[in-house]
Amino acid sequence: MYGRVRVAAAEEGEDRRMRLHTDGSRSDAHAWPGYLYTRAVGRCTLQFWSSGAEPWPNIAPQEAAVSKVFGSRSVERYGPRLTLLEATMRTDDIRGSAFVKLVKQGSAALLNAYTRRGFPFDSWEVKALLLEALVSEEAAAVQAERFEQANQSCV
């Protein structure tokens, strides 16, 4: 891609390098070009777990149903077939239900609790907090935010 931008610039009579930024704009630069889409892939984020960069713990495999992992109370909200991998990959939480964000962040938090020393929540605590947050949209939003903060700050 970088070579094509430079060749295109040379064909247009420009001898300087062009840089394509993540927002699609171009500017002069002597550095590597940006990408049109980048993902934050910290070791504890949703994107990390959904990418398959690290094996999932045996106690919570990718194909495990959310209802089996978190308990039968979650069936009412998420159905019997939603898997942990599908939960981490969901994109329908933007301007949507807080319950979707809760299952996404809760799934990542559970995986982190199983695999990361020093993660602020234990696995049983993640499960209990997720189930408690199912009582209302407001409770789900607050707990999802707590899980998200823990997932983002984890190392």
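Predicted model: local features only at pLDDT ≥ 70, side-chain atom pairs only at ≥ 80, totals over all residues.

**Entry 1: ground rules.** I call a residue buried under 20% relative accessible area, exposed over 50%, and partly exposed in between (1.4 Å probe, protein chains only). By that cut-off Arg 116 is buried, with a relative accessible area of 6%. Residues are numbered from 1 along each chain as its sequence is written, and side-chain values use heavy atoms, with hydrogens and water left out.

**Entry 2: Arg 116 and its partner.** I take a salt bridge to be a side-chain nitrogen of Lys or Arg within 4 Å of a carboxyl oxygen of Asp or Glu. The structure holds 3 of them. In one, Arg 116 pairs with Glu 54, the closest N and O atoms being 3.0 Å apart. This links distant parts of the chain, 62 residues apart: Arg 116 sits in the loop between H6 and H7, and Glu 54 in the loop between H2 and H3. My helices (H or I, at least four residues) and strands (E, at least two) are DSSP runs, numbered from the N terminus.

Entry 3: I logged Lys 101 as partly exposed at 24% relative accessibility, Glu 145 as partly exposed at 33% and Glu 148 as partly exposed at 21%.

**Entry 4: H6 against H8.** At what angle do H6 and H8 pack? I read about 35°, with the axes 8 Å apart; axes are lines fitted to C-alpha atoms, for helices over the stretch in contact, and angles run from 0 to 180 degrees between N-to-C directions. Contact here means heavy atoms within 4.5 Å. On the H6 side the meeting residues include Leu 102, Gln 105 and Ala 109, and on the H8 side Ala 144, Phe 147 and Asn 151 are among them.

**Entry 5: the core.** A nonpolar core is a set of buried Ala, Val, Leu, Ile, Met, Phe, Trp, Tyr and Cys residues joined through side-chain atoms within 4.5 Å. The largest one has 35 residues, of which Val 66, Phe 70, Tyr 78, Leu 84, Leu 102 and Phe 147 touch the most other members. H6 gives the largest share, 8 residues. Leaving out residues up to four places away in sequence, Leu 84 touches Trp 56, Val 66, Phe 70 and Ser 107, among others.

**Entry 6: two buried residues.** Ser 74, in the loop between H3 and helix H4 (75-78), is buried at 1% relative accessible area. Val 100, in helix H6, is buried at 9%. Its C-alpha atom is 9.8 Å from that of Thr 88, 12 residues apart along the chain.
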